[in-house]
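Let's take a walk through a protein model and look at how its parts meet. Keep the structure open beside you as you read.

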Protein chains: 6
Amino acid sequence: MTETDRTTALDLQVVEPLPEDTQRYFDICEEKLGMVPNVLKAYAHDVDKLNAFTAIYNDLMLAESGLSKLEREMIAVVVSSINRCWYCQVAHGAAVRQLSGEPALGEAMVMNWRAAPLDARQTAMLAFAEKITKASSEIVEADRAALREAGFSDRDIWDIANVAGFFNMTNRVASATGMRPNPEYHAQAR
Amino acid sequence: MTETDRTTALDLQVVEPLPEDTQRYFDICEEKLGMVPNVLKAYAHDVDKLNAFTAIYNDLMLAESGLSKLEREMIAVVVSSINRCWYCQVAHGAAVRQLSGEPALGEAMVMNWRAAPLDARQTAMLAFAEKITKASSEIVEADRAALREAGFSDRDIWDIANVAGFFNMTNRVASATGMRPNPEYHAQAR
Amino acid sequence: MTETDRTTALDLQVVEPLPEDTQRYFDICEEKLGMVPNVLKAYAHDVDKLNAFTAIYNDLMLAESGLSKLEREMIAVVVSSINRCWYCQVAHGAAVRQLSGEPALGEAMVMNWRAAPLDARQTAMLAFAEKITKASSEIVEADRAALREAGFSDRDIWDIANVAGFFNMTNRVASATGMRPNPEYHAQAR
Amino acid sequence: MTETDRTTALDLQVVEPLPEDTQRYFDICEEKLGMVPNVLKAYAHDVDKLNAFTAIYNDLMLAESGLSKLEREMIAVVVSSINRCWYCQVAHGAAVRQLSGEPALGEAMVMNWRAAPLDARQTAMLAFAEKITKASSEIVEADRAALREAGFSDRDIWDIANVAGFFNMTNRVASATGMRPNPEYHAQAR
Amino acid sequence: MTETDRTTALDLQVVEPLPEDTQRYFDICEEKLGMVPNVLKAYAHDVDKLNAFTAIYNDLMLAESGLSKLEREMIAVVVSSINRCWYCQVAHGAAVRQLSGEPALGEAMVMNWRAAPLDARQTAMLAFAEKITKASSEIVEADRAALREAGFSDRDIWDIANVAGFFNMTNRVASATGMRPNPEYHAQAR
Amino acid sequence: MTETDRTTALDLQVVEPLPEDTQRYFDICEEKLGMVPNVLKAYAHDVDKLNAFTAIYNDLMLAESGLSKLEREMIAVVVSSINRCWYCQVAHGAAVRQLSGEPALGEAMVMNWRAAPLDARQTAMLAFAEKITKASSEIVEADRAALREAGFSDRDIWDIANVAGFFNMTNRVASATGMRPNPEYHAQAR
């Protein structure tokens with residue numbers, strides 16, 4: 001594997017051959033997305049780690065929730081923007097553009113979420129995600145009350161906290177390992 | 001469930017009855033730890049979320065790694081200290097005291113890791129975990145090179161990044177949801 | 001002028017009619033860029049202010065310099081990213097994509113300049129622009145010496161300082177007045 | 001030119017001879033201020049740059065405005081104090097002392113503007129200048145509304161933003177180039 | 001004196017013999033606390049400095065005050081936690097555990113005071129101590145008014161300010177000199 | 001006592017009559033300084049507190065030390081500038097001007113100590129005082145080693161730490177209580 005084929009700055013090899021289930025998952029990615037996201041290849045040096053990652057990712061971003069998939073992706077990008085994670089801003093910025101059909105919304109989540117024309121619900125949601133990212137130790141009951149006032153249920157609050165928390169993990173893993181986003185994302189949904 | 005029985009500030013109920021596997025897992029916790037850690041009860045309002053959490057947790061903290069279990073717990077506490085997460089400092093501070101047999105080491109990880117008498121390897125590891133937590137976007141190749149110089153393999157660097165990343169997630173989930181540690185931890189291994 | 005026609009959040013009207021010279025300048029913009037950048041309309045409530053702004057802007061970004069136009073735009077975007085200025089990241093991000101022919105480079109300047117594959121000269125230049133933006137009071141002779149070592153002349157250092165300084169001004173003016181970028185920028189040079 | 005004659009840490013020479021207009025401007029400075037401010041000599045290595053600088057400076061600080069000249073100088077010093085710019089605190093601190101006739105007011109703008117006995121209008125103005133300097137990306141409509149409530153027009157808000165923005169530029173240029181204030185300022189209007 | 005006998009990282013010797021009064025004071029410490037706190041030995045290289053330190057310490061922490069001794073120790077630990085002072089968190093964390101009879105309260109002061117179940121008075125007191133520690137220059141009359149509203153007299157406010165101020169001194173002295181807490185503290189009142 | 005006679009924002013009265021020793025001390029101040037510094041009047045609502053304060057102050061700033069009185073005042077002003085304490089910058093800024101005979105040096109300590117022409121010893125001393133003030137928990141042996149290399153003894157390091165620590169206390173007490181400097185300071189030694 002040449003330097004430029006690597007998905008991170010670490011010398012870790014994808015296991016060969018991949019277990020059948022994993023290969024099938026990667027094939028579906030290729031088919032549906034036109035690529036295997038590099039984060040999956042990065043984790044694929046250890047199939048248990050890959051499976052643990054995809055399980056939590058898929059539950060958070062795709063399972064039933066009071067938050068729409070777009071809202072979850074908006075949280076993802078706002079958190080990744082605060083943490084200035086190259087990989088996650090590229091990949092999830094594309095997702096916001098795609099799910100919303102509004103390229104400028106994806107840009108605003110990356111550049112400054114306060115510049116986007118958001119309603120009160122989304123503003124409350126992103127303000128909470130921001131506080132989770134920058135000052136989680138200062139969260140008090142009043143912060144949760146503000147979300148309930150904006151119409152969120154306690155289960156929704158759980159989901160906001162977990163999505164925001166998750167990207168605070170992946171942002172750091174990606175930055176610490178020098179993870180590189182697939183170049184295909186840049187031109188998507190512009 | 002009265003207010004004081006809750007494990008978080010959110011009104012989310014443990015599913016009843018728990019699936020057989022989960023119940024068995026909780027029973028083992030009771031047997032081995034004398035309690036079910038509240039974080040598990042907090043996630044148990046949704047079994048898929050609980051399973052995803054325990055899978056990634058167990059892989060990171062208990063699976064084979066070039067990092068000892070104590071080292072992984074030291075990272076956990078240092079990250080949780082920077083983020084000032086009440087739950088995680090209490091629970092993992094106890095783990096460091098227990099695994100090391102040195103109560104003062106657990107205290108130092110909570111209070112100021114630079115005060116602990118660490119060797120060059122552990123200093124490099126915790127300095128990297130600190131940078132991951134506070135300034136991950138500024139990590140460059142020189143930071144990874146410093147770890148290699150201190151004797152860590154690329155796989156070890158992956159593990160440090162993922163353990164540090166994980167507690168940056170759980171710290172925020174715990175703080176955002178007002179998660180309460182089991183009181184048993186405080187007196188353990190003093 | 002309806003709310004949505006405004007270029008800022010302030011109720012300030014473009015002078016009517018514009019002086020001949022200004023009208024001609026705006027016509028050239030339309031012809032060459034397909035639009036009049038909103039920043040010019042924003043300043044056009046007072047022609048003296050507009051002229052002072054365009055004079056300093058054109059001198060800094062277009063006049064002879066040891067820095068290429070692309071390098072000056074890279075500084076512009078890095079500074080605007082640190083300050084999270086919506087207007088300037090949008091407009092000058094497009095300029096970097098266009099001048100470099102590399103959409104990903106424009107994205108990297110916005111998202112995290114350290115993720116871009118830069119040579120030593122550009123790295124030194126952007127590190128200095130970052131320090132100018134975040135901690136100018138801590139700049140000492142050693143910082144200037146590092147630029148000279150990277151091949152910059154004293155005049156080049158003057159230019160880096162002034163371009164970085166200028167965007168620290170415009171970022172704040174744009175954010176404080178709620179300046180809105182022309183929507184055309186988003187899709188340019190993707 | 002010996003080291004001590006330099007007005008910055010950069011080796012840039014004043015053009016010789018100066019164009020007639022510039023020489024006349026410098027002569028007027030000598031006559032009215034007893035000196036040519038070093039910032040003008042620093043820019044005078046390139047007459048176009050000097051002219052662009054003086055045009056924007058004179059428009060902002062001396063032209064008609066709803067803000068008094070003293071108020072503009074107060075903004076200048078507060079911004080320069082936050083950025084800890086040696087040149088601008090010295091030169092504009094003197095201006096506040098002179099224009100107000102209150103030496104202690106100039107000192108308070110340098111040391112901690114909250115210590116000065118200000119009315120509601122000035123407090124709102126300086127609080128906005130502070131936010132522009134420290135956290136411009138977090139400015140929202142409520143911040144502008146607070147200024148309107150304190151009696152400022154939208155044009156006044158434009159002027160506050162531009163004066164505060166300007167000193168965020170010059171502070172950085174001065175610090176990055178090691179600009180030295182004329183020693184005469186220190187004893188003025190004490 | 002071997003390295004491990006030192007109470008700081010500095011090579012400073014306790015005066016020998018100690019003046020009679022000092023020796024008696026140390027003897028009382030041994031008798032009542034089972035040890036001479038290392039901070040006293042650290043200062044004992046100069047008896048005037050030791051006396052000045054103990055005079056201000058005893059006045060602040062033990063003299064008559066509207067604040068209980070426990071409240072003063074809570075302020076001590078919260079300030080020391082923000083400053084991450086190893087010595088003071090260890091020593092005064094033990095004092096909070098002892099005076100309150102609640103080990104978890106001492107832990108919460110160290111780890112995150114917002115996690116403790118405090119009444120309105122104590123919350124106001126610790127919020128003020130936190131602002132004194134992190135942003136004293138932004139304290140305005142409204143902050144003092146909030147304390148009066150929570151039931152504190154002006155003399156109480158003086159005492160909060162002075163206790164919080166004092167630990168901002170000792171934290172820095174301890175950290176700057178590498179002061180080491182007596183190991184006995186760790187197990188006390190668990 | 002009218003509002004304007006107060007030395008702080010708190011309603012605390014100077015004890016009447018003052019004990020003889022205190023009155024004599026105040027008389028000496030009047031005679032030698034032309035005023036009683038307001039900090040002394042502020043503490044004089046409780047003579048024990050005043051005595052404890054003056055004892056530690058006089059020991060630190062006036063007793064024998066490897067640091068000159070000017071150097072101790074330079075530390076005082078640099079610390080007070082970082083903390084933006086109005087009272088201490090005014091009072092100790094005057095002291096630096098007076099002791100050094102260089103008004104510009106006092107200004108530089110207030111505005112940005114890096115702008116002053118300092119030798120290696122003073123630079124090391126002030127860099128350490130700055131770190132003590134801003135990031136004391138990150139001080140490690142290398143920081144102390146740098147001071148020894150610059151010619152300081154371990155006793156000198158003790159003194160730097162204690163002077164810097166002391167002003168981190170008084171800055172906070174002064175700001176928290178709204179302490180007002182005597183107006184005489186402003187014009188002194190200009």
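Before we go on, a word on the model: it is predicted, local features need pLDDT of at least 70, side-chain atom pairs count only at pLDDT 80 or more, and totals for chains, interfaces and linings use all residues. Residues are numbered from 1 along each chain as its sequence is written, chains are lettered from A and ligands numbered from 1 in the order in which they are written, and side-chain values use heavy atoms, with hydrogens and water left out.

Where do the domains of chain A lie? Domain 1 covers 13–62 and domain 2 covers 69–187, with bounds from an automatic or database domain assignment. Their centres, taken over C-alpha atoms, are 23 Å apart. In contact (heavy atoms within 4.5 Å) are 14 residues of domain 1 and 18 residues of domain 2. Together the two domains of chain A bury about 1300 Å², with 69% from carbon and sulfur atoms. Buried area here is the accessible area (1.4 Å probe) that two parts lose on being put together, summed over both. On the domain 1 side, A:M35, A:L60 and A:M61 lose the most area, together 46% of what that side buries.

Now move to chains F and E. Each gives 43 residues to the contact, and the area buried between them is about 3700 Å², 63% of it from carbon and sulfur atoms. F:K49, F:W158 and F:R172 supply 20% of the area that chain F buries against chain E, more than any other three residues.

How many salt bridges join chain F and chain E? The count is four. You can find a salt bridge between the side chains of E:K49 and F:D59, at 2.8 Å from N to O. Chains F and E also share 16 residue pairs in polar contact, both at pLDDT 80 or more.

How values were computed
Polar contact = N/O pair within 3.5 Å; in protein donor to acceptor, adjacent residues only side chain to side chain.
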